Amino acid sequence: MEAMIAITGLDVMFGDTHAVRDASLTVAPGESFGLVGESGSGKSTILRALCGLNPDWTGRIVVDGQAQGRRRQKGFFKQCQMVFQDPYGSLHPRQTVDSTLMEPLAIHGFDDRDSRVERVLAEVGLGPSFRFRYPHQLSGGQRQRVAIARALVLEPRLLLLDEPTSALDVSVQAEILNLLKRLRAERGLTYLMVSHNLAVVSVMCDRLAVMNRGRIVETLTVAQLRDGTVTQPYTAQLLQASQGYDRAAADRIEDFAA
Ligand SMILES: Nc1ncnc2c1ncn2[C@@H]1O[C@H](COP(=O)(O)OP(=O)(O)OP(=O)(O)O)[C@@H](O)[C@H]1O
């Protein structure tokens with residue numbers, strides 16, 4: 001089966017900073033793939049290069065069979081959308097939920113906008129009363145639901161999730177993770193998810209890549225992560241650093257999500 005994402009030999013520079021070095025990964029259709037590693041290891045940079053927010057890269061990026069250049073074609077965003085960490089920052093403060101969701105539909109020329117907006121709001125667990133609210137009238141969790149609705153309203157097959165719950169309280173975090181899990185199952189979505197939290201990745205992903213200083217040091221299944229069967233010393237170190245609270249954290253997330 002053709003990969004949904006195939007990245008080969010990706011390098012990203014910011015001036016003298018070599019943010020990503022020779023990174024390669026593939027994500028199958030319907031798979032959920034995690035990117036983990038310390039702050040500054042290059043995780044977000046890979047996501048941003050994928051969706052065209054970092055034009056300065058070399059290597060090869062193929063999404064759903066299409067080799068990507070510097071700029072993304074308009075149609076790309078019907079297939080691939082991104083959800084950011086901070087929903088407050090990513091939603092326009094003077095736009096209602098309705099206009100936030102209508103905008104992409106108008107840009108892409110959909111004519112059944114009204115019913116699409118209603119449907120996607122219901123899918124993320126927000127009733128029709130939320131439609132004409134502003135971001136400041138919403139809780140953090142509700143704002144992230146709106147950001148997810150905005151990502152889904154064009155019915156993409158792939159979501160790039162950059163720390164989608166790390167700005168939220170732990171109990172709200174589990175709610176949003178649960179929602180993302182359900183949406184993936186219902187829509188057969190593919191996820192590429194950045195997290196510094198191994199517990200979140202172990203609950204949400206099938207496989208993951210461990211990054212250190214711009215390099216992918218190891219690719220693992222979640223089963224290997226849970227068993228601790230890793231081959232690279234860096235991964236072992238990362239596991240050791242988080243395992244104490246990590247297993248408990250994963251159990252907590254699953255409890256909340258149940
Ligand atoms: N727009 C930019 N301009 C200059 N340097 C950047 C830019 N974006 C990222 N960097 C640098 O690239 C490196 C990788 O950053 P990146 O944000 O990808 O890391 P990360 O693993 O996602 O970390 P975090 O978890 O903190 O977001 C860092 O050294 C960062 O300072």
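**Notes on the predicted model**

1. Since this is a predicted model, the points that follow should be read as a description of that prediction. By class, the shell around the ligand holds two nonpolar residues, nine polar residues and one charged residue.

2. The residues that make up this shell are Phe14, Thr17, Ala19, Gly37, Ser39, Gly40, Ser41, Gly42, Lys43, Ser44, Thr45 and His196. Two elements, strand S2 (17–27) and helix H1 (43–50), each give two or more residues to the shell around the ligand, and of the elements it is H1 that gives the most, with three residues.

3. The UniProt record, an unreviewed entry, carries the annotation "domain: ABC transporter" over residues 5–238.

4. Helix H6 (residues 140–152) packs with helix H7 (residues 170–187) at an angle of about 20°, and their axes are 10 Å apart. Angles under 35 degrees count as roughly parallel, and H6 and H7 are therefore described as roughly parallel to each other. The crossing in which H6 passes H7 is right-handed.

5. On the H6 side of this packing, the residues that meet H7 are Gly140, Gly141, Gln144, Arg145, Ile148 and Leu152, while H7 contributes Val172, Glu175, Ile176, Leu179 and Leu183. Sorted by class, the contact of H6 with H7 has six nonpolar, three polar and two charged residues.

6. H6 also packs with helix H4 (residues 97–107), again with an angle of about 20°, and here the axes are 9 Å apart. H4 and H6 are therefore roughly parallel to each other, and their crossing is right-handed. The residues that make this contact are Val97, Thr100, Leu101 and Pro104 of H4, together with Val146, Ala149 and Arg150 of H6. By class, the contact of H4 with H6 has five nonpolar residues, one polar residue and one charged residue.

7. How are H4 and H5 oriented relative to each other? The axes of H4 and helix H5 (residues 113–123) come within 10 Å and cross at roughly 125°. Angles of 65 to 115 degrees count as roughly perpendicular and those over 145 as roughly antiparallel, so H4 and H5, at roughly 125°, are oblique to each other. H4 passes H5 in a right-handed crossing.

8. The contact between H4 and H5 is made by Asp98, Leu101, Met102, Leu105 and Ala106 on H4 and by Arg113, Arg116, Val117 and Val120 on H5. Its residues divide into six nonpolar, no polar and three charged.

Notes
Residues numbered from 1 in each chain as written. Predicted model: local features only at pLDDT ≥ 70, side-chain atom pairs only at ≥ 80, totals over all residues. Near = placed C-beta within 6 Å. Helix = DSSP H or I, 4+ residues; strand = E, 2+ residues; numbered from the N terminus. Nonpolar A, V, L, I, M, F, W, Y, C, P; charged D, E, K, R; others polar. Axes fitted to C-alpha atoms, helices over the stretch in contact; angles between N-to-C directions. Left-handed = near helix turned anticlockwise from the far one by under 90°. Contact = placed C-beta atoms within 7 Å. UniProt positions renumbered as here; feature names shortened; annotations may be inferred.
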